[in-house]
Amino acid sequence: MARRIGKHWWIYEIVQFATYFWLPVVLVALWWFISSDSQSFFMPPLSEIVQTLLNDIGNGELLEAAAFSMRNVGTGLSAAIVLGVSFGLLIGYNSVLRSAVWPLIAFLRAIPGVAIIPIVLVAFGVGPGPQIFVIALGCVWPILLNTIDGVRGIQSSITDTARAYRLPRALFIRQVLLPAATPQIMAGIRISLAVSLTIMVVSEFSAGNQGLGVYISSGVQSFAPSQVWAGTVFIGLIGYLTNVAFVLIERRILAWYFEIPRRTATKITSIAGAENERA
Amino acid sequence: MNAHSTVNAAPPMVVDGVSKSYGSIEVLRGLTLRVDPGEILCIVGPSGVGKTTLLRCLSGLMPPTSGEVRVADQVVTEPLQEIGLVFQDYRGSLMPWMTTLENVLLPLRGKRMNLSDARERSLSCLANVGLAGHEEKYPWELSGGMQQRVAIARALAYDAHILLMDEPFGSLDAQTRFDLEDLVLDLRRRLGISVIVVTHDIDEAVYLADRVVVLSGKPATVIDTVAVDLGPVRDQVASKGLAEFSRLRGRILNEIRRKK
């Protein structure tokens with residue numbers, strides 16, 4: 001992180017910014033020039049892709065698709081967080097329950113999230129409901145398992161303190177167990193965030209009538225490669241932005257964990273670099 | 001027993017023939033001792049003798065295999081309201097996601113105390129340990145000595161009349177340790193609390209204690225109880241320079257060595 005040493009700290013900031021973003025900028029520029037006179041049907045020039053992208057954002061088609069898809073992602077992921085964290089706290093805290101359900105969890109978690117898509121779609125049909133369901137089902141495991149690990153990894157000095165000061169169970173779970181497990185829980189949510197986008201796209205590919213996956217697959221069916229590219233780039237952007245938003249929220253919730261003093265400005269470069277700062 | 005004024009009357013604590021075994025390994029055998037109201041009792045012994053085990057039995061975190069611990073007339077079978085625990089590992093015993101004030105408040109919330117009363121009490125206890133103005137800081141923003149002060153404030157706010165301290169200053173530098181030792185002496189004088197300090201540091205034990213209980217052997221037994229007659233007010237330089245101080249420290253050290 002940038003330290004504001006001396007009065008020329010802003011030079012340091014610019015250097016930092018350039019260090020983080022030079023590679024994407026160079027790659028996009030290369031793509032632009034190399035593809036500029038491409039004759040390949042499947043590899044249209046980047047300028048054409050950008051044209052389609054702006055066009056479909058402008059006429060609302062892409063934004064509508066994205067709103068539909070991201071609403072499913074948001075709902076499914078939220079359900080996974082609520083279920084994963086609640087059951088994770090319960091299972092992590094109660095060793096009897098843990099040994100009773102562990103074999104089942106070990107089996108279910110081994111099924112790849114996308115593998116259940118056909119079953120669910122066959123059983124429940126097409127539409128937001130089944131799609132939210134598969135997203136939630138795929139996302140719940142990383143969160144559940146991380147919450148269990150987080151609870152079990154709690155230091156014995158913390159639980160001793162809670163016992164010595166006779167904290168009632170509800171207060172203990174809310175004020176001690178949950179915050180102590182939060183670093184692990186956030187790590188689980190980060191994994192599930194990627195999983196949720198994957199399942200969203202794949203489930204819309206396999207059966208859907210709306211959404212970003214449908215936007216892409218209809219581009220395939222109507223021989224419009226620039227639409228396929230535009231959809232893919234757009235999903236990439238959404239993925240990147242949700243990740244940035246996640247890091248911002250995580251740094252806020254886990255300020256104590258990262259030992260970030262309050263009122264520290266969050267700079268773009270420090271978000272991009274946040275992955276390396278984990279203790 | 002104690003001539004100085006007492007604000008809280010601490011209940012006496014009696015340890016009656018406490019033994020503790022882990023499986024077939026006997027760690028403590030037939031320990032009997034008492035802690036008078038307002039007294040500072042130090043328990044010394046070589047590393048690994050079972051001091052922490054004893055302290056866990058005293059605090060009710062762990063039941064003894066035989067014998068019992070009583071506070072007033074109550075047998076300790078689980079942690080008691082009257083006892084405040086201060087751990088050696090201050091980093092691990094404060095909640096890093098809570099500010100200093102929230103850490104001190106937490107046990108009071110468990111007691112369902114009125115929140116504004118609890119706040120007021122926590123603030124005054126923090127002031128009592130010299131931490132006024134640090135209420136909104138997080139533990140990781142404080143030095144080790146300050147974190148241990150928070151742990152002491154938490155025990156005081158909990159209204160503990162008996163402070164149980166497990167090697168409380170072991171991982172602090174010498175100067176900070178002296179300050180905190182003087183804080184403990186000062187709190188006892190002002191509040192009339194009883195303090196039990198488990199330590200391997202013989203100088204610390206003699207400096208703090210009204211009586212020092214020497215543990216040694218495998219399984220550990222009480223090999224001596226030494227009265228320290230240095231008065232309630234002590235000074236890191238003057239008291240430690242007294243002939244009596246070095247006589248007691250020599251006596252305890254010899255006993256621990258001989259038994260080994």
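# Close-up views of two chains

**View 1. Phe223(A) is found in the loop between helix H9 (212-221) and H10 of chain A.** Welcome to a predicted model, in which local features need pLDDT of at least 70 and side-chain atom pairs count only at pLDDT 80 or more, while totals for chains, interfaces and linings use all residues. Residues are numbered from 1 along each chain as its sequence is written, chains are lettered from A and ligands numbered from 1 in the order in which they are written. Helices (H or I, at least four residues) and strands (E, at least two) are DSSP runs, numbered from the N terminus. Look at the backbone of Phe223(A): its phi is positive, near 50°, although the residue is not a glycine. Is Phe223(A) buried or exposed? Phe223(A) is exposed, because 10 other C-beta atoms lie within 10 Å. (With C-beta atoms placed from the backbone, a residue is buried if 20 or more others lie within 10 Å of its own, exposed if 12 or fewer, and partly exposed in between.)

**View 2. Chain A as a whole has 12 helices and 0 strands.** Its C-alpha atoms fill a box of roughly 75 × 65 × 25 Å along the principal axes. Of the 279 residues in chain A, 32% count as buried. Chain A is divided into domain 1 (1-34) and domain 2 (41-274), with bounds that come from an automatic or database domain assignment. The C-alpha centres of these two domains of chain A lie 29 Å apart.

**View 3. Helix H8 (residues 169-206) and helix H10 (residues 225-253) of chain A pack at an angle of about 165°, with their axes 11 Å apart.** That makes H8(A) roughly antiparallel to H10(A). Axes are lines fitted to C-alpha atoms, for helices over the stretch in contact, and angles run from 0 to 180 degrees between N-to-C directions. Angles under 35 degrees count as roughly parallel, over 145 as roughly antiparallel, 65 to 115 as roughly perpendicular and the rest as oblique. From H8(A), Thr182(A), Met186(A), Arg190(A), Leu193(A), Leu197(A) and Val201(A) take part, and they meet residues of H10(A) including Ile235(A), Gly239(A) and Phe246(A). Two residues are in contact if their C-beta atoms, placed from the backbone, lie within 7 Å. The residues of this contact between H8(A) and H10(A) divide into 7 nonpolar, 4 polar and 2 charged.

View 4. On H2(A), the contact is made by Glu48(A), Ile49(A), Thr52(A), Leu53(A) and Asp56(A), and among their partners on H10(A) are Trp229(A), Ala230(A) and Phe234(A). The residues of the contact between H2(A) and H10(A) divide into 6 nonpolar, 3 polar and 2 charged.

**View 5. Where chain A meets chain B, 17 residues of chain A are in contact with 18 residues of chain B.** Which elements give two or more residues to the side of chain A that touches chain B? They are helix H7 (156-164) and H8 of chain A. H7(A) gives the most, with 6 residues. The residues on this side of chain A divide into 9 nonpolar, 4 polar and 4 charged.

**View 6. Helix H1 (residues 51-59) of chain B is mostly covered, with 7 of its 9 residues buried.** Among the buried residues of H1(B) are Leu54(B), Leu55(B) and Cys57(B). After H1(B) comes Gly60(B), whose phi is positive, near 85°.

View 7. Ala160(B) is buried, because 25 other C-beta atoms lie within 10 Å. Asp159(B) has 16 C-beta neighbours inside 10 Å, so it counts as partly exposed. The phi of Asp159(B) is positive, about 70°, although Asp159(B) is not a glycine. Not counting residues up to four places away in sequence, Ala160(B) touches Glu82(B), Ile83(B), Gly84(B) and Ala155(B).

**View 8. A cis peptide bond joins Lys218(B) and Pro219(B), with omega about -5°.** Pro219(B) has its place in the loop between strand E9 (211-216) and strand E10 (221-227) of chain B.

Definitions and conventions: Ala, Val, Leu, Ile, Met, Phe, Trp, Tyr, Cys and Pro count as nonpolar, Asp, Glu, Lys and Arg as charged, and the others, Gly among them, as polar.
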